[in-house]
Structure formats: C-alpha cells, structure tokens
Amino acid sequence: MSNQKQQKPTLTGQRFKTRKRDEKERFDPSQFQESIVQGLNQTGPDLEAVTKFLDASGAKLDYRRYAETLFDILVAGGMLAPGGSLSDDVTCTDVCLFKAQEDMQTMQSYAQLLLFLKGFTESERNKLAMLTGILLANGNLSASILSSLFNENLVKEGVSAPFAVKLFKSWLSEKDISSLAASLRKVGMDNRLMELFPANKRSCEHFSKYFTDAGLKELADFARNQQSLGARKELQKELEEQMSRGDPLRDIIAYIREEIKKNNISEQTMIGLIWSSVMSSVEWNKKEELVTEQAIKHLKQYSPLLKAFTSQGLSELTLLLKIQEYCYDNIHFMKAFQKIVVLFYKADVLSEEAILKWYNEAHLAKGKSVFLEQMKKFVEWLKNAEEESESEEEEDEEAD
C-alpha cells in the first residue's frame, strides 16, 4: 500500500464572484425611516442643520427609491399608515411640517426642505414645481426657497434646471416678468440663475438657449441683462481700484478698451461707468466752497481718460447728463456744474455741439433751472463765437 497521500480532485474552470452592486437590495422603508428619523432627532429643530444632514445622507440613502417615505417624514414626522394616520409601530420625529410653528417664516423654511428633490420622480417634481410657481407668484412663499435649487448635487444630477423651467412657467402664467424679477431681486436671487447649471455650462449663452428653447425667452433676456449688469459692476469696481492705486492712464485706457471688446459694451455705457468710477475714487470735501476747487483739480487729471471715450456725440451727451445728475444728487456740487462743463470743453472732452444740444433740448429735469442759469453766459459766448466763426468763413469765401 502506498504511503503517499492521495490528492483530492480539483474543479477546473472559471469561478464567478457575485458583486455587491449586482445584488438587489431588499426594499425596506422601515429601515430607511429609522435612519432619517434618528438623524433628524439628533439634529434638532435647526432647519439649516437639518438641510445639511439631509444633503449628507443623500449620498448613502436612496432618496429616489424611498421618495414617498421621505415625504411622509418631512410632512407628518413618520410613515403614514393606510387612512393617513401615523404608524404606531415606528419612531417618529417632531422635526416635520405638522409639528412646526404656524407662521409664514417657519413655513417658508420648511418649503426649502420639501424642495429636496432627488427623491421624487419626474412627474412628482413637475407637479411640485408648478405648485411652487403658483405659490410664489401669489406671494404665499418667499423666493428665498429657490436657494434649494442651487444645491450642488441637484445641479450636478440635472434636476435643478428642468424643475426651474416648470416653476418659472407656472409663475409667469400668473404674473408678468417684472413681478418675477422684483421677487428675485428682493432676496438676491436675480444674479444667481446661472447656478442652476454645472460650472462647465454656467454661461449666459447656454442659459439663454436652454430657457429660450423651453419657451421662456423673457427669463433668458432678464438673465442676460442681469449678467451684463453684474459685469459692469465688476468693471466699475476694478476701475476704482486702478484709480486708487494711481495706475497710469494709458494702462487704464487699454484695460477699458479690452473690456469693451470682451463684454460688447457701448461707448455710451462705458463713459457712464468711467464717470462714476472717477467720482467714487476720491474722498470729497464736505464744504461747498472747497469741493469745487477739489473737483476741478481731480477731473483735470482724468480728462484724457474721459476724452478717450467720448468720440461720439451721444457719448458726450451721456456724460453731460451724468454730470448733471451727479451735481443734483450731491448738493455740495450744485455750484460746480458750470465749472466742470467748461473744464471738459477746454480739454476737448465735450464739444460745442453737445453742450448746445444739452442746453436747448436734451437736459434732465433734475435741477434744470439752476443748471441752465449757470450755463447761460457760457452758452451765449459759444453762440457768439459760432456766429463770428461763420462770419469769418463767409468773408474768406468772398475774398476768394
């Protein structure tokens, strides 16, 4: 008999491992409820902390699969049994709509939780969006609840933009774009609409095409205007910083020309921004008798900058109107108006034609009588100089 240990037979062939992701998880709403309720009870009534908890839990719990359970918890505090009452055999939470205080501010805060959209089906989201749009249009909710739509995960998963389309369509079916815009501005949402898209699609062009294609051209135009306004504010801020640093005028002029090309800004708009930046870049004397002298000295320094962007008659007129408005709104400058205009005339920033047009027909109502009186003698001088010039030209022609 052989002492050798007999080898056991082995199976040959490929062995397949079952991956966890291939295994179908058991549908267990009770376990889901336990996880959510436990977290809500630990978080307490601070709704900002609740939002953070729900956001973090969304990475581990399947909100889409347990959408109805999540909705029951956020509204009633726990899963509802047939007939609409709370199940007796489960732990509930007081962090829910039905246990909240009965006032508008609290309801608006809970509305943000109910916009936790990942858990809902497309049809459910559409209905919620339409209802929210109607409530917003009629003033039953504050537009601040829309901040939920800027949640990074909702944006990344492509939930926010389609929801916004349904919501804004519903809103505009009740009220006009002016009403919608006013509500957004009131809560600082008017400049955040681009955030409905991921960073790589966050452009005015993409927003405009998406919402125009969805039948919301009015909203697309509003967002474009807001984007342009935001760019102008940033530009003015940068100009003020450059002037405060004392950057050379040639560098500032080059920067402005680049911005005009990049942002498609008209010269008329730009001269208004430059004027505002020039006047905001200095601390003005509070004494009326001293501020005029200070203004003339300051503006003389920046005359070449203003001259570079008044190549058109309309730009000159825009500047004149800005000067008039500024001197009226800042009472210490009321007596400085004529001196500023004369300075700019001598520096070739403003032409005779622009000044006469402003004086005769294009002035604003603000301080009209005061400024026209200030300019009366200078305008008469301009007219006489013009007549003398025409007379000399006629004499020259006759001599020829």
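Biologist: Which residues of α10 meet which residues of α11 in this predicted model?

Modeller: On the α10 side they are Ala 231, Leu 235, Glu 238, Leu 239, Gln 242 and Met 243, and they meet Ile 252, Tyr 255, Ile 256, Glu 259 and Asn 263 in α11. The residues of this contact divide into 7 nonpolar, 2 polar and 2 charged.

Biologist: What makes α10 roughly antiparallel to α11?

Modeller: The axes of α10 and α11 come within 11 Å and cross at roughly 170°. Angles over 145 degrees count as roughly antiparallel, and α10 is therefore roughly antiparallel to α11.

Biologist: Why is Asn 263 called partly exposed?

Modeller: The relative accessible area of Asn 263 is 31%, and the term covers what lies between the 20% limit for buried and the 50% limit for exposed, so Asn 263 counts as partly exposed. Asn 263 belongs to helix α11, which spans residues 249–263, and the C-alpha atom of Asn 263 is separated by 7.8 Å from that of Ala 231, although the two are 32 residues apart along the chain.

Biologist: Why are α10 and α12 called oblique to each other?

Modeller: The axes of α10, residues 217–245, and α12 come within 9 Å and cross at roughly 45°. Since angles under 35 degrees count as roughly parallel and those from 65 to 115 as roughly perpendicular, α10 and α12 are therefore oblique to each other. Their crossing is right-handed.

Biologist: Which residues meet where α10 and α12 are in contact?

Modeller: From α10 there are Arg 232, Leu 235, Gln 236, Leu 239, Glu 240 and Met 243, and from α12 there are Thr 269, Met 270, Leu 273, Ile 274, Ser 276, Ser 277, Val 278 and Ser 280. The residues of this contact divide into 7 nonpolar, 5 polar and 2 charged.

Biologist: How many aromatic pairs does a search of the whole structure find, and what makes the pair of Phe 197 and Phe 211 edge-to-face?

Modeller: The search finds 17 aromatic pairs. For Phe 197 and Phe 211 the rings are 6.2 Å apart, centre to centre, with 80° between the planes; rings pair if their centres lie within 6.5 Å, and planes over 60 degrees apart count as edge-to-face. Phe 197 sits in the loop between α8 and α9, and Phe 211 in helix α9, 14 residues apart.

Biologist: How do you know that Phe 197 and Phe 211 are buried?

Modeller: Buried means under 20% relative accessible area. Phe 197 has a value of 4% and is therefore buried, and Phe 211, at 0%, is buried as well.

Biologist: Why is the pair of Trp 275 and Phe 344 called edge-to-face, and what does that pair tie together?

Modeller: The ring centres of Trp 275 and Phe 344 are 6.4 Å apart and the planes stand at 85°, so the pair is edge-to-face, given that the cut-off for this term is over 60 degrees. Trp 275 lies in helix α12 and Phe 344 in helix α15, so the pair ties together parts that are 69 residues apart in sequence.

Biologist: How many helices and strands does the protein have, and what share of the residues counts as buried?

Modeller: There are 17 helices and 0 strands, and 41% of the 400 residues count as buried. Among contacts between residues at least 6 apart in sequence, 66% join residues at least 24 apart.

Notes
Residues numbered from 1 in each chain as written. Predicted model: local features only at pLDDT ≥ 70, side-chain atom pairs only at ≥ 80, totals over all residues. Heavy atoms only, no water. Phe/Tyr/Trp six-rings, centres within 6.5 Å; stacked < 30°, edge-to-face > 60°. Helix = DSSP H or I, 4+ residues; strand = E, 2+ residues; numbered from the N terminus. Buried < 20%, exposed > 50% of the residue type's maximum accessible area, 1.4 Å probe, protein only. Axes fitted to C-alpha atoms, helices over the stretch in contact; angles between N-to-C directions. Left-handed = near helix turned anticlockwise from the far one by under 90°. Contact = heavy atoms within 4.5 Å. Nonpolar A, V, L, I, M, F, W, Y, C, P; charged D, E, K, R; others polar.
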